[in-house]
Amino acid sequence: MLKGFKNFLMRDDVITVAIGLVVALAFSNLVEAFTDSVINPLVAGLQPDSSGLGLGYQLGEEGNAATFIDLGAFISAIIYFIVFMGTIYFVIVLPYKHIQKRRGKTVFGDPAPTKTCSECKSEIDPEATKCKFCASPQPAAA
């Protein structure tokens, strides 16, 4: 039982995923610090009349953070996501694809080409002319 567990843990893909997760978590802290220290103050500076709450709209009493719609935090989260995912792609995915290509394996390949059925406009195999539903004979109406 323990030997099987050890074999599972020592598989290449499990180790690769574990290393990628650790790197992603560490990088997440770096990107979060960047957005909190650089992006958030820039976004908050776009609307100086919000009582120090940042970019957004006050619904209730002026200065009450509980009734403040914080658009700045949302914009910062979008920027965080784009920077984080872009870095993961360029730092982890592209080098991994290159290494696996040199090993003769294809990972994260392009999707298979498809074509559109001439009658129902659904996606079909590139060699087909119609999908299997449009090509099959239709039952006669009673």
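Contacts, exposure and an aromatic pair in a predicted model

User: Where is T116 found?
Analyst: T116 lies in strand β3, residues 115-116; strands are DSSP runs of E with at least two residues, and helices are runs of H or I with at least four, numbered from the N terminus. This is a predicted model, in which local features need pLDDT of at least 70 and side-chain atom pairs count only at pLDDT 80 or more, while totals for chains, interfaces and linings use all residues. Residues are numbered from 1 along each chain as its sequence is written, and side-chain values use heavy atoms, with hydrogens and water left out.

User: Is T116 buried, partly exposed or exposed, and why?
Analyst: T116 counts as partly exposed because its relative accessibility is 44% (buried is under 20% relative accessible area, exposed over 50%, partly exposed in between; 1.4 Å probe, protein chains only).

User: Which residues is T116 in contact with?
Analyst: Leaving aside neighbours within four places in sequence, T116 is in contact with K121, S122 and I124, where contact means heavy atoms within 4.5 Å.

User: Changing topic, how many aromatic pairs does a search of the whole structure find?
Analyst: The search finds one aromatic pair. It is edge-to-face, because the rings of Y89 and F90 have centres 5.1 Å apart and planes at 80 degrees. Rings of Phe, Tyr and Trp (its six-membered ring) pair if their centres lie within 6.5 Å; planes under 30 degrees apart count as stacked, over 60 as edge-to-face and the rest as tilted.

User: And what is the relative accessible area of F90?
Analyst: F90 has 55% and is exposed, whereas Y89 has 37% and is partly exposed.
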